[in-house]
Amino acid sequence: MEQLAVINLSCPSCGQDCKDLRRYALSHQLSVLESNIDRMCAKFDSKLNALLHSMYRTKAELDRSFGTFVKALRPGPLTGRTNQDLVTTRGNAMAEVQSDISGFRDHVVRPFENNIANLATFLGVAAGADETDMSFPYLLHFDALFYRSRLIVLEEGLRMQIALNNIRGNSQHTSIMAKTLQAMTVMEAKEHLATIGTAIEACEAKGLKRLETELRLVQIFFHIVLRDAGTRSSLDVSASLTKIQDLCQTFPKTAGLLSNTYAAVKAVVYGQQRCGRMYTEESVKVWWTWPKYITGKLKYCTFGHPYSGETWADCPECGEEVQKPQARNPESFLKEKDFVAAMRAMAKNTKQWRV
Ligand SMILES: [Zn+2]
Ligand SMILES: [Zn+2]
């Protein structure tokens, strides 16, 4: 009698030993799944960086050519059409990058994240981490990039609107255009402010500390756009700034990378400086020096975020949490009883902190 059951099977593709066909199939699928995820993560990471580069190139080009644009604007009743063409050209400068972002997000990233989630459920595996499901950050990253590209466009809209209003002997056509530009900017900024709020909630749920910080910063920039356009926004800015500061301190290796941008934004919120501070050299340095994703060592953090163990020692989305001793309200030390209690609590905390 043939003893088929005792034959040691190994997968012809990945070489793993398999006791039976069911396990063979699963084991092979899992290995293929892992290497697909690894490759896609590398691809998404490099695509994000490439798009970010073209976005900032376009932004730099808009800054460079602004003076020329202002000089080309003409006063008088017959120049409305010419001025409109100048405005339209600048307003569309980001169109290509933007359709690249949304195209890639909707046709590649979204189906990938959905399919992998379904496949993992079907195979009954939570790849990588023992108990955590996979939690992909990419769809939200591409959303964030899209908001950033719209922010550049809206900031440009405001800047052009001011230039149009400054033309002496303005034509009616041109001043209507300026009003329209402002109305469109306000409407869109309000819309993004709200939808970014939803994306921030998603980041909180997924433990995406760096991305949450980035989105909060972008949201505050939309708030600044509204302020500069003379409109109020519904955002509780000081609460969000506190939250950002907290994230930067608690997760110094991930959210903390954006602390320079945080300082720049805070200066704009409380000072009278205008926008555009998201693009300072220090703020964008973190993106220019972003390391390349190296495949072959796919890892998952405790939140289930995939990352390259070859590129990063720890998850670049959340990273190590730093426990800091809680700051105490000095008034609570005034009463002796409270003081002693506070001392005890602090001693206890310090002990725990050292362990
Ligand atoms: Zn295999
Ligand atoms: Zn993580």
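Modeller: In the lining of the largest pocket there are nine nonpolar, eight polar and two charged residues, where Ala, Val, Leu, Ile, Met, Phe, Trp, Tyr, Cys and Pro count as nonpolar, Asp, Glu, Lys and Arg as charged, and the others, Gly among them, as polar. This is a predicted model, in which local features need pLDDT of at least 70 and side-chain atom pairs pLDDT 80 or more, while totals for chains, interfaces and linings use all residues. Residues are numbered from 1 along each chain as written, chains are lettered from A and ligands numbered from 1 in written order, and side-chain values use heavy atoms, without hydrogens and water.

Biologist: Which residues lie nearest the centre of the largest pocket?

Modeller: Of its 19 lining residues, V87, G91, V153, L181 and M184 lie nearest the centre; a pocket is an open set of points on a 1 Å grid over the protein atoms alone, where a 1.4 Å probe fits, with protein on both sides within 12 Å along at least five of seven lines, and lining residues have an atom within 4 Å of a point. The largest share of that lining, six residues, comes from α5, a helix being a DSSP run (H or I) of at least four residues.

Biologist: Why is the pair of F44 and F104 called edge-to-face?

Modeller: Their ring centres are 5.9 Å apart and their planes at 90°, so the pair is edge-to-face, given that rings of Phe, Tyr and Trp (its six-membered ring) pair if their centres lie within 6.5 Å, with planes under 30 degrees apart stacked, over 60 edge-to-face and the rest tilted. The pair links distant parts of the chain, F44 in helix α1 (residues 21-72) and F104 in helix α3, 60 residues apart.

Biologist: How do you know whether F44 is buried or exposed?

Modeller: F44 has 0% relative accessibility and therefore counts as buried, since buried means under 20% relative accessible area, exposed over 50% and partly exposed in between (1.4 Å probe, protein chains only). F104, at 11%, is likewise buried.

Terms used: Helices (H or I, at least four residues) and strands (E, at least two) are DSSP runs, numbered from the N terminus.
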